[in-house]
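I wanted to get to know this protein by looking things up one at a time. Here are my notebook entries.

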Amino acid sequence: MAHRTHSITAGFVVTTLVLLAAICDAQLSSTFYDSTCPNALTTIRTVIRSAVSKERRMAASLIRLHFHDCFVQGCDASILLDDSSSIESEKTALQNINSVRGYDVIDQAKTEVEKVCPGVVSCADIVAVASRDASFAVGGPSWTVKLGRRDSTTASKSEATSDLPLFIDDLETLISRFSKKGLTARDMVTLSGAHTIGQAQCFTFRGRIYNNASDIDAGFASTRQRGCPSLNSDDNDKKLAALDLVTPNSFDNNYFKNLIQKKGLLHSDQVLFSGGSADSIVSEYSKNPTTFKSDFAAAMIKMGDIQPLTGSAGIIRKICSSIN
C-alpha cells in the first residue's frame, strides 16, 4: 500500500510539472505580437543588421547577452538593469563586467520599437529576437523565436556570480551549470559553438598559453602569445583575441575542429575535448556543420524557454535599463 501511495503521489507530481510546463510554453508564442505590434520583428531586425554590419563582433556579443540574461532569473532582461536604489546590477558581476556588450544595440532596438508600438514589446523579447537575427547575419542558423516574455523588476548580481560559467570551469562544472537550467551536456557543447565568432580578453587565456601544458598545441600557444603579453597590466589584460583564428567572422564548425587540434583558446573551451564525455559531441560537430547548426537553433529555443515571466507577471519596461 505504501508503495502504491508513493507511486500515485509521484505520478501526480510529474503530471503537475508537465501541466505547468505546458501552460508556460503555451503563453510564449511566435505570433504573440502579430496583432498588437505586427512590425516589431522587422523593426528589431533592421537595427541588428545595421549593428552587425558595422561590427561583426557584435553578433557574438548579442548571442552572449541573451545567454547571460537567461542564466540569471530566467529570460527576463534582468541583465539590462542598471544600478539603482533598489537594484544591484548584474552588469557588474565578475562574468559580465567589462565583458558583456550590446546593451546599446538593445536600447536602440527598443527605441525604434517604441516608436511604432509604445509599451507593447518587452526588452526580454527584444534580446531573444536580437540573438536570432545576429546569428543569421553572420551565416549562422535562424529559428522561430517564441515571444510573450515580460521584463523583470529585479536583478540578481549574486545569482549571476554563482550561476554563470567561468573561463576556468572544468567539464563537470560546465555540465552542472547547464543542467541546473534544464539544459543537457549536448546543449552545453552546442551553445559553446557560438565561440566560433567570439573574442576573449587576454587575462582569460594568459594562463593557458604560457603554462606549456599537454592540452595545448605549442605553435598555437606561441602565436597567441604575440597578442597577449605575459605581463599583467590593464592594457595587456584587455587585449582581444578571436576564439577561432581560422574563420573568426563566420558562424561555422571550425571551433570544434580547433578543439580536436588542441587549439581551444579558453580552458573552458578545451575541456570539451579532453578525453571526457563531451569528446564524441565535439567530434560529431567537427564533421557535420549542418547538424551543429540545427542543434544550435534548437538549443537557443530551449534556452529561451528558461523561466520566462508571462501573463501578469513582470512588466513591459519603457527603457530597458530601468524599471521606471
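Predicted model: local features only at pLDDT ≥ 70, side-chain atom pairs only at ≥ 80, totals over all residues.

**Entry 1: domains.** I looked up how the chain is divided and got domain 1 (39-164) and domain 2 (171-300). Their C-alpha centres lie 23 Å apart. I then checked the contacts across the two, and 22 residues of domain 1 touch 18 residues of domain 2.

**Entry 2: the core.** Next I went for the largest nonpolar core, which has 73 residues. Leu65, Leu80, Ile106, Val189, Leu272 and Phe296 are the ones with the most contacts inside it. Where does this core lie relative to the two domains? Both domain 1 and domain 2 give residues to it, so it lies between them. That goes with a rule I jotted down: in soluble globular proteins, nonpolar side chains tend to be buried together.

Leaving out residues up to four places away in sequence, Ile106 touches Leu62, Leu65, Leu80, Ile126, Val127, Ala130 and Cys320. Apart from this core I found another one, of twelve residues, including Cys202, Phe205, Ala241 and Leu265.

**Entry 3: two helices.** I turned to helix 3 (residues 57-70) and helix 4 (residues 103-116), whose axes come within 10 Å and cross at roughly 80°. That makes helix 3 roughly perpendicular to helix 4. Which residues make the contact? From helix 3 they are Met58, Leu62 and Leu65, and from helix 4 they are Tyr103, Val105 and Ile106.

Entry 4: UniProt has an "active site" feature at His68, in an unreviewed entry. I found His68 in helix 3. Is His68 buried or exposed? Its relative accessible area is 3%, and since the cut-off for buried is under 20%, His68 counts as buried.

Entry 5: I located His195 in the loop between helix 8 (185-192) and strand 1 (199-201). With a relative accessible area of 26%, His195 is partly exposed. When I skip residues up to four places away in sequence, His195 touches Leu243, Asp244, Tyr255, Leu266 and Asp269.

Key: Residues numbered from 1 in each chain as written. Heavy atoms only, no water. Core = buried A, V, L, I, M, F, W, Y, C linked by side-chain atoms within 4.5 Å. Buried < 20%, exposed > 50% of the residue type's maximum accessible area, 1.4 Å probe, protein only. Domains from an automatic or database assignment. Contact = heavy atoms within 4.5 Å. Helix = DSSP H or I, 4+ residues; strand = E, 2+ residues; numbered from the N terminus. Axes fitted to C-alpha atoms, helices over the stretch in contact; angles between N-to-C directions. Parallel < 35°, antiparallel > 145°, perpendicular 65-115°, else oblique. UniProt positions renumbered as here; feature names shortened; annotations may be inferred.
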